[in-house]
Amino acid sequence: MPRSPERPLKHPRRRRLLAILGFIGLVLVLWEGVKVIGGDPWRVNGELIWTPPLDLKFASDINLPHVWSIAAALSEPWRRSADTSLFMFLVGKALYTWREAAIGFALGAVTGIALAAAFVHSQLLERAFVPYVVASQTIPIVALAPMIVFFVGNEILAVVVVATYLTFFPVTIAMIRGLRSPDPRALELMRSYAAKRRTIFWKLRMPASVPYLFTALKIAATASIVGAIVGEGPGGVQDGLGRAILDFNQTYITGPEKLWAAILVTALLGISFYLLVRIAELWWLRDRASAVLT
Amino acid sequence: MSGQAVVHVADVTKTFDVPGRGTMTALSGIDLLIGQGEFVSLIGPSGCGKSTLLRLIGDLTVPTSGTVMVNGKPAQQARVDRDYGIVFQSPVLFDWRNVEENVRLPLELIGTEKAAREARVTEMLELVELSDFRRHHPYQLSGGMQQRVSIARALAFEPALLLMDEPFGALDEMTRERMNSEVLKVWAQTGITVVFVTHSIPEAVFLSSRVAVMSARPGRITKVVDIDLPRPRTVETRENRRYFELVTEVREALRGMDGRVEADDAALDRAAAEGGIG
C-alpha cells in the first residue's frame, strides 16, 4: 500500500532498525556469496566441505577473509599471550583516536565559525582569503601531516591539528551560507530596532545558521576521525587506531582478519561520532519545523 | 486629521538605478502628513512605490530628495529612537524562538528590565489573543496567528507609529477580514498611528481614516479619500451603503492606471528590495 502523509508508518523506529539489520544481513550474504562462487576452498576443522567453481583473486581468504574469521579474530586475544581481546584492544585505540579527533573537531568548528563570521562581515576578507581556504583542502593530507608534525613538535598536538585542518573547511563553507541565510525582512526588522551588527550576529545570524552548522558538523565528525588516524602515522602516536592499522597492515599476510577488524572498528567509530552529532542536532533543532520534518 | 503630525513626508523623490534600464523613478513629489492616532492606508497598483514610501518612513531606505520626518525628527533619528514598529507581509518570526520569545525580542534589544519585559509580553499576547499559545513555536501556528504574533512584537515597545506592509496579503479572505477587525481593535485600544500598505480596496476602506491612492510610473499620490464611516467598524460596516460608495470612489481613483506598466514592476521591486537594505 502506498504511503500517504496522513497515514504515518506504524512503528517507524522498529522499521528503521529492521531496515538497518536487513542491509547488514544483505552485505554479509553478498560477502559470503562471493566466497561461495570464487573463494578459496571452504574448510571446517581442517575438513574440506566446499570447493568454489571459480577462482576469483579478490575473493581469496587473504583478500577477503570469511566474516566469521573476522568475528573470531575480534574475540581472540589481539596477539599471542595478550589477555585483552582484539575487539577490546581496538575499542581502546578507537577511544584514544576519538579524543584526538573530538578536540580537532571542536577546534575546527570554532575556527570555521570564526572564519565564516569574518567573511560574512567583510567582503574584502572574503575575496582575499576564501581562495586560500579552498586551496588548503586540495593539498593531500598525507603530504601535509609530516610537515605539521615537524612544525608543531608535540605528537598529539600535531594529530589534533591535522584533525582540525580537515574539520574547519566544511564548517567555514556551510557557515558562510548559514550566516547569510536570514530573510532580508528579518534583517530589516533588526534594522528597525536599530540593532548593532554584533546584536544582529548573535540574535539573528547565529541562530539562523544552526541547521547549516549541523550539516557541516556531520561531515566534519567523520573527517576529523580520518584526520586523526592519518596524523597518527607521521605523528608517531602509539595508542591510536592509526598505529594499529599500520601494524596490522604489516602483518596482513599472516592475519588479514585483524586489519579488517580494525577497519570495522574504525567505521563503527565514525558512525558513532556521526550519530552523536545527529542526536545533538535533533535536540538542538527540536522546536523548528525543519527538524520535525526530517 | 487630528493632533500633531506623526509622519511628515515633504516633496520626496526616490529613484533607483536598475541595471540595464537606467534610472527609474519610484516616487515623485510625495507630500503626506499623518496626524497622531490616524489610520492611513496607501493603495495603488504594483510598482506605484507604496511599499517604498512605507520603507522611507521607517528609514529602511533613504529618499533621493525631500525630507521624511517622524515624530518631529528625521526618519533616521526616529528609527534609532525606536519610534515605530513594523509588520511585513510575511510574519518574519524567528523559528528558534517560541511565541513569547518572539514578542520579547525587541524588548531584549532595547534592554527593558526583566519584570517589565515579561509584563509587557503578557499584555501584548492578551491584546492579540494568543495568551494560550505562549510556548508554541511558529510552525505550530496558522498564518493568521503568526501574523498576530508579529503584530504583538511590533507593538511590544509601545511605539508611536505602526508600519504595516501588506500584512494580510498572504492570508485567505476569511482570515483577512477577521484580522482587519483585530487590527482595528488593537488600534482603538492603543491609540497608535498606523500606516498601512495594501492592494485591497475593501480592506483599505474598512480600516482607514484616510486612504491615499497612488499611481505608478512615477509613483505619486493622486487622491486622498477621507473615510467618514462611523466607528467602531463591524461586520455591518461592510454592508453599509456609504461603505460601498467609498469603495467605488477609491476604485475610480485607481482606475485607468492599472496594468499599463506591469512589465517594469518586477525590475523595480527588485531594485527597491536591494536598494533598501544597505
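**Confidence**

Chain A has an average pLDDT of 90, and 95% of its residues score at least 70. Within chain A, helix H3 (residues 86-121) has the highest confidence, with a mean of 96, while helix H11 (residues 289-293) has the lowest, at 55. Where pLDDT is low, predicted coordinates should not be read in detail.

**Overall form of chain B**

Chain B contains nine helices and 10 strands. Its radius of gyration is 18 Å, close to the 19 Å that the globule rule gives for 278 residues, so chain B is as compact as a globular protein of that length. Along the principal axes, the C-alpha atoms of chain B fill a box of roughly 50 × 45 × 35 Å. Of the 278 residues in chain B, 46% are buried. If one takes the contacts in chain B between residues at least 6 apart in sequence, 71% of them join residues at least 24 apart.

**Nonpolar cores**

The largest nonpolar core has 82 residues, and the members that touch the most others are Ile57(B), Ala152(B), Val195(B) and Val250(B). What is Ile57(B) in contact with, leaving aside its neighbours within four places in sequence? The residues are Val7(B), Val9(B), Val68(B), Val70(B), Ala75(B), Leu163(B) and Val195(B). A second, separate core of 59 residues includes Ala73(A), Ala109(A), Val161(A) and Ala244(A).

S7(B) pairs with strand S6 (residues 84-87) of chain B and with strand S8 (residues 193-198) of chain B. In the second, Asp165(B) has Val197(B) as its bridge partner in S8(B). Between S7(B) and S8(B) the chain passes through helix H6 (residues 173-190) of chain B, and this β-α-β crossover is right-handed.

**An antiparallel sheet in chain B**

Another part of chain B is an open sheet of four strands in the order S2-S1-S4-S5, with antiparallel pairing. Strand S2 (22-35) and strand S5 (73-74) of chain B are at the edges and have a single partner strand each, so one side of each is left without a neighbour in the sheet. The partner of S2(B) in the pairing listed below is strand S1 (residues 5-18) of chain B. Thr15(B) has Thr25(B) in S2(B) as its bridge partner.

| Strands | Sense | Bridges |
|---|---|---|
| S6(B) and S7(B) | parallel | four bridges |
| S7(B) and S8(B) | parallel | five bridges |
| S1(B) and S2(B) | antiparallel | 10 bridges |

**Glu257 of chain A**

Glu257(A) belongs to helix H10 (residues 256-284) of chain A. Is Glu257(A) buried or exposed? Glu257(A) has 23 other C-beta atoms within 10 Å, and a residue counts as buried at 20 or more, so Glu257(A) is buried. Leaving aside neighbours within four places in sequence, Glu257(A) is in contact with Pro65(A), Ser69(A), Ile70(A) and Ala73(A). Of these, Ala73(A) is included in the second core. Gly231(A) is 26 residues from Glu257(A) along the chain, and their C-alpha atoms are separated by 24 Å.

Notes: Residues are numbered from 1 along each chain as its sequence is written. Chains are lettered from A and ligands numbered from 1 in the order in which they are written. This is a predicted model: local features need pLDDT of at least 70, side-chain atom pairs count only at pLDDT 80 or more; totals for chains, interfaces and linings use all residues. pLDDT is the predictor's confidence in each residue, from 0 to 100. Helices (H or I, at least four residues) and strands (E, at least two) are DSSP runs, numbered from the N terminus. The radius of gyration is taken over C-alpha atoms; the globule rule is 2.2 Å times the number of residues to the power 0.38. A residue is buried if 20 or more other C-beta atoms lie within 10 Å of its own, exposed if 12 or fewer, and partly exposed in between; C-beta atoms are placed from the backbone. Two residues are in contact if their C-beta atoms, placed from the backbone, lie within 7 Å. A nonpolar core is a set of buried Ala, Val, Leu, Ile, Met, Phe, Trp, Tyr and Cys residues joined through C-beta atoms within 7 Å. Two strands pair if DSSP finds at least two bridges between them. A crossover is right-handed if, with the strands pointing away from the viewer, the path from the first strand over the helix to the second runs clockwise.
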